[in-house]
Amino acid sequence: MKAHKILPGLLALLLLVVMPLAAQDAGEPDKAAIEKTFPSKPPYSPYAARTFPTRVFWGDTHLHTAFSMDAGAFGARLVPKDAYVFAKGNEITSSTGQRVKLSRPLDFLVVADHSDGMGFFPMIVSGDPAVMADPQGKKWHDMIASGQGAEAAVDIIISFGKGQMPKDAFPFPGSVPYRNAWAETIKAAEEANDPGRFTAFIGFEWTSNTGGNNLHRNVIFRDNGTKASMVEPFTTLKPLGSDNPRDLWKWMQTYQDKTGGNVLAIAHNGNLSNGRMFPLIESFTGKPIDREYAAQRAQWERLYEATQIKGDGETHPFLSPNDEFANFERWDKGNLDLSELKKPEMLQFEYARAALRNGLKLEKELGVNPYKFGMVGSTDSHTGLATADEDNFFGKTSASEPSADRYSHPFIKNPTNPGVVVMGWETSASGYAGVWATENTRESLWDAMQRKETYATTGPRMVVRFFGGWDFVAGDANTRSPGVIGYQKGVPMGGDLKRGPDGKAPTFMVAALKDPIGANLDRIQIVKGWLDAKGETHEKVYDIVWSGDRKPDPKTGKLAAVGNTVDVPNATWTNTIGATELIKVWKDPDFDPSQSAFYYERVIEIPTPRWTAYDAKYFGIKMPPEVPMTLQERAYTSPIWYTPEK
């Protein structure tokens, strides 16, 4: 009986073993045919299964709207919602009633309104009940309504500086007006965010400005509104706020601990800090910066805004006397309000290249490099309009939107220094952030910023690649897809090189493709900084690849200028000089494996008309002789660092 019961199972097993294979659903096995489904070669399609970033996304990490008190005071009426509509490529009407549209949509935007007084001006203009119930608030509202907006704005700014804002009407942290303004900011970003098509980041600007010395940071959330709404922005207003960056970093840590979210901070305009942005001696303590400061800054401030409306921040002729491109869009007269004039000894603590050099020195002393940052550009426009094209520049504030006399208005002046003034024509139509990411989402773009795979431009949207490694060869520059070779053999911009094989120097692949509707390229350079055995830092600029058949001067090593096709009276130029693309592999001829170093790529365009030339043509005016009418736009990549083994 037992054998009889077991037989069906055994029979089934035997039938399975001896059944002709042809009876299986898949048919007769054919080894050669099956091998085709297990290819030994990579896919025929070179774009299949890619995991590295293949596209650069363009955006502005620093834009203000009427929710910023100073922007509102200068006439901005566009709010965060409007800013996102404009950034997506839609035509809107500016605060001065002018039709305006971008040449091309942006891929992402951070509305970074000031945390101090966020949302106050819309409250005044709309006659918010809290404002109207306060005598001072009502006075300002009535002044604006009766055509005395400028007088009201000046009075508001002076009152804020003196700490004399109406207690029940002003949006102090913790108040209902402040919570409402932050909620409206978050709502605008949430509604505008369209993953895969457009990214609207939630953010704000922390505006430390003690004594007029700029230490501003833009704070950018990786997260959605659910997490961002669990906190209020950090302000400089004591006792809840602080003007010390260390306290901002503590706030950022608290946010992450509370929500499980992520934030980063981007400093800007070190050129207006009067030696305080990249210190060796901390201004708040008077002591040398310590390891804690260095570690915290390296953790939270992964990027630096190297170019924007208030001047270029890469380097300065005083710091880089052998760099013929160092004298570019300079703002170096004093601090943010010109209350303290500039001294030469301040400069090395204000500019990106000098900070990168000092970072090498501090790393040797402290074991941490506080200034190991990547580069981005952004506008800092206070108009709600993220414009950085020279022929489409809508100014820093709404009061400086296109007009026949905007160039001649003083932009910054201080009554105690009447001979020192920054004029309207000195504002710069700059810049944008280029971010190499795998997709257009908050998470992907933020992660790319965190790893510093970014670069800054002064406005043009040239495509720039930069890779470093030990095995790049000249033939690698023949590729049509530098990213493939770049990621296989090296690290991208923002990356780190460890010590290579003995006797080898690092190699770098540089590549740039012109803006499709912009100017041709003059040259690509690599800027190197290094720390010698004596603890001193140095820098050198190498011309790597350039347009035309120019040759470096045998005595000076300098490359001749590319030429100039700009027709200033007509605000035009021709692309009859320069190159549409440049690419090359370069080996460091001066490499010392015992010396820490950084390298970054700088791309220079041929000369083109500056926004002042477009204004002169459009309004039929003659600019004073001191006003520059041309410029050479450029890009700066995040560095690649080399660190010897310890």
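This talk describes the cores, some helices and strands, and the aromatic pairs of one predicted model.

Two notes on conventions come first. Residues are numbered from 1 along each chain as its sequence is written, and side-chain values use heavy atoms, with hydrogens and water left out. Because this is a predicted model, local features need pLDDT of at least 70 and side-chain atom pairs count only at pLDDT 80 or more, while totals for chains, interfaces and linings use all residues.

I begin with the interior. In soluble globular proteins, nonpolar side chains tend to be buried together. A nonpolar core here is a set of buried Ala, Val, Leu, Ile, Met, Phe, Trp, Tyr and Cys residues joined through side-chain atoms within 4.5 Å. Buried means under 20% relative accessible area, exposed over 50%, and partly exposed in between, with a 1.4 Å probe and protein chains only. The largest nonpolar core has 104 residues, and those with the most contacts inside it are Tyr84, Leu109, Phe204, Phe221, Phe373 and Tyr599. Helix α9, residues 176–192, gives the most to this core, with seven residues. Helices (H or I, at least four residues) and strands (E, at least two) are DSSP runs, numbered from the N terminus. A second, separate core of 17 residues includes Ala112, Leu303, Ala433 and Ala437.

Contact means heavy atoms within 4.5 Å. Leaving aside residues up to four places away in sequence, Leu109 touches several residues, among them Asp60, Leu63, Tyr84, Phe198 and Ala386.

I turn next to strand β14, residues 454–457. Which way do its side chains point? Thr454 and Ala456 point one way, Tyr455 and Thr457 the other way, and all are buried. Two strands pair if DSSP finds at least two bridges between them. Strand β13 (residues 432–437) runs antiparallel to β14 and is joined to it by four bridges, with Gly434 opposite Tyr455. Strand β25 (residues 634–637) also pairs with β14 in the antiparallel sense, over three bridges, and there Thr457 stands opposite Ala635.

Two helices follow. In helix α15, residues 482–489, the residues Pro482, Gly483, Ile485 and Gly486 are buried. Seen down the helix axis, the buried residues of α15 fall within an arc of 165°, so they line one face of the helix; the arc is that of the directions from the helix axis to the C-beta atoms. These buried residues pack against β15, β16, β18 and β21.

Helix α13, residues 352–366, has 12 of its 15 residues buried, so it is largely enclosed by the rest of the structure. Among the buried ones are Arg353, Arg357, Asn358 and Glu363. Just after α13, Gly367 takes a positive phi of about 85°.

Finally, the aromatic rings. Rings of Phe, Tyr and Trp (its six-membered ring) pair if their centres lie within 6.5 Å; planes under 30 degrees apart count as stacked, over 60 as edge-to-face and the rest as tilted. By this rule the count comes to 32 aromatic pairs. Trp182 and Phe204 form an edge-to-face pair, 6.1 Å centre to centre with 85° between the planes. Trp182 lies in helix α9 and Phe204 in strand β5 (residues 199–206), 22 residues apart, and both are buried. Phe508 and Trp586 form a tilted pair, 6.1 Å centre to centre with 35° between the planes. Phe508 lies in strand β18 and Trp586 in strand β21, so this pair ties together parts that are 78 residues apart in sequence. Ring pairs also link Trp182, Phe204, Phe221, Phe234, Trp251 and Tyr255 into a cluster.
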